[in-house]
Amino acid sequence: MTLQERDKKHIWHPLKQHQTHPNSLGIVKAKGCILTDEHGYEYIDAISSWYTCMFGHCNDYINNRVYEQMQQLDQIMFSDFTHPAAVELSEKLIAILPENQAKIFFNDNGSTAVESAIKMALQYYFNKEDQRTTLIAFENGFHGDTFGAMSASGLSVYNGPFEDFLINIHRIPVPDGTNHSAILAQLETIISNHKVAAFVYEPIVQGAAGMKIHDMNGLNEIIGFCKSKNVLTIADEVMTGFGKTGKNFASDHIQNKPDIICLSKALTGGLVPMAITSCTQEIYDAFLSNDITKGYFHCHTYSANPIGCAAAIASIDLLTSDKIQGSIQKIAKRHEQFSEKIKKHPKVKSTRNIGVIFALDLDTNMERYGTLRDLLLSSFMKEGVFLRPLGNTIYIQVPYVITDTQLEKIYTTIEKVLDTL
Ligand SMILES: *Cc1c(COP(=O)(O)O)cnc(C)c1O
């Protein structure tokens with residue numbers, strides 16, 4: 001029996017309607033940018049396995065650092081103890097995060113990083129005896145699948161059955177360069193009529209919405225406005241963090257800095273799940289008290305797992321190296337050139353790119369999990385490239401270590417598949 005057949009017996013996959021999509025391809029190996037399936041076919045991982053493996057799969061430098069850690073310390077309760085890898089990681093992160101960030105809180109995954117950020121914001125005001133009950137978020141944002149994170153998310157495909165159970169939220173449009181005065185007016189109304197704790201946003205690029213890119217000046221004004229009204233700002237950099245937009249963090253492009261930042265995905269270079277919620281000194285200080293219950297009583301069993309910390313330390317070493325910084329800029333330039341070219345394709349409505357992220361919208365209506373999307377995905381796979389369309393968007397987010405030839409192959413595959421439509 002193949003892996004695919006054995007899988008069907010006991011496994012329930014995420015984001016899947018098993019009745020119409022019963023099959024999951026068995027992948028048995030991944031190295032650098034190449035995935036190998038159980039039949040020996042190879043695929044270029046053009047989306048870095050959901051934006052995680054930015055330094056390539058099974059990266060030797062990260063693996064070695066993790067292997068050393070495994071000989072030394074595997075797991076320790078973080079509520080009572082600390083350890084060298086967590087301390088070193090906190091120092092490395094604070095050195096590269098926006099300069100207002102002062103404290104590092106550990107979580108397990110992107111959703112809980114956001115969950116934690118929302119709880120911090122709510123308790124920040126609770127501790128100040130100014131209880132607030134409402135959040136603001138962008139339309140079509142995605143922040144994860146736990147209840148708080150889901151509340152902030154605006155993609156109804158994922159939230160439908162749970163809408164009645166979510167935290168109060170008011171949605172505003174993303175800034176497109178023409179609408180920010182209208183957005184500020186809307187914010188003014190929301191903030192004066194409700195007790196708003198925080199504004200949660202994906203800075204500059206909305207990933208799950210189809211790599212939608214915002215107007216940076218508009219975003220800067222929105223953040224500034226929230227700050228002027230005492231609304232905390234939470235940047236969900238789970239997707240954008242660690243170099244994707246051409247800078248270490250998307251917030252580095254924006255003058256107004258967030259109070260809280262959520263990180264995961266590329267944090268460990270894809271090796272193990274881990275996440276961080278960082279915050280300013282001011283937020284941390286609001287939890288200091290002789291009253292124990294004013295502390296932040298949120299914890300995950302594997303908080304600051306030493307193996308995860310080791311992988312993150314090695315990933316940050318790589319990210320900040322001249323070599324990787326150079327590759328990011330090089331990939332950005334090549335995306336720019338590809339964008340100019342593919343824009344003229346009759347099936348392409350528009351293109352956009354920032355850093356290593358490139359996206360094009362097809363000039364056709366496409367359901368998020370419909371048949372055209374399935375056809376495209378399988379056509380790309382037949383050509384040996386793993387690309388996963390989102391709605392009518394085809395996007396690329398390649399590992400920083402991709403070779404010129406591999407990148408060229410992704411571009412020509414997209415052109416070839418579009419020609420068949
Ligand atoms: C993926 C993602 C999340 C959720 O992270 P998980 O690790 O899948 O829980 C949250 N926010 C953004 C912006 C993401 O891209």
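A polar side-chain atom of Lys265 sits 2.7 Å from an oxygen atom of the ligand. That pair counts as a polar contact, meaning two N or O atoms within 3.5 Å. This is a predicted model, in which local features need pLDDT of at least 70 and side-chain atom pairs count only at pLDDT 80 or more, while totals for chains, interfaces and linings use all residues. Residues are numbered from 1 along each chain as its sequence is written, and side-chain values use heavy atoms, with hydrogens and water left out.

Asp236 brings a polar side-chain atom to 2.7 Å from a nitrogen atom of the ligand, and an N or O atom in the side chain of Ser111 is 2.6 Å from a ligand oxygen. On its own the ligand has 380 Å² of accessible area, and the protein covers 82% of that (areas come from the Shrake-Rupley method with a 1.4 Å probe).

What else is around the ligand? Besides Ser111, Asp236 and Lys265, the residues there are Asn109, Gly110, Phe142, His143, Gly144, Glu202, Val238 and Met239 (near means a heavy atom within 4 Å). By type, this shell splits into 3 nonpolar, 5 polar and 3 charged residues, with Gly put among the polar ones and Asp, Glu, Lys and Arg counted as charged. The ligand sits in the second largest pocket. A pocket here is an open set of points on a 1 Å grid over the protein atoms alone, with protein on both sides within 12 Å along at least five of seven lines; a molecule sits in one if more than half of its atoms lie within 2 Å of its grid points.

Strands are DSSP runs of E, at least two residues long, numbered from the N terminus, and two of them pair if DSSP finds at least two bridges between them.

Strand 2 (residues 34-37) runs antiparallel to strand 3 over 3 bridges, and Ile34 stands opposite Ile44. These two strands form a hairpin with 4 residues between them, where Gly40 in the turn has a positive phi of about 95 degrees. Strand 3 (residues 42-45) also pairs with strand 15, in the parallel sense, over 2 bridges; there Asp45 faces Phe386.

Note on methods:
A polar contact is a pair of N or O atoms within 3.5 Å; within protein, one must be able to donate a hydrogen and the other to accept it, and residues adjacent in sequence count only if both atoms are side-chain atoms. On a 1 Å grid over the protein atoms alone, a cavity is a set of points where a 1.4 Å probe fits but cannot get out, and a pocket is an open set with protein on both sides within 12 Å along at least five of seven lines; lining residues have an atom within 4 Å of a point.
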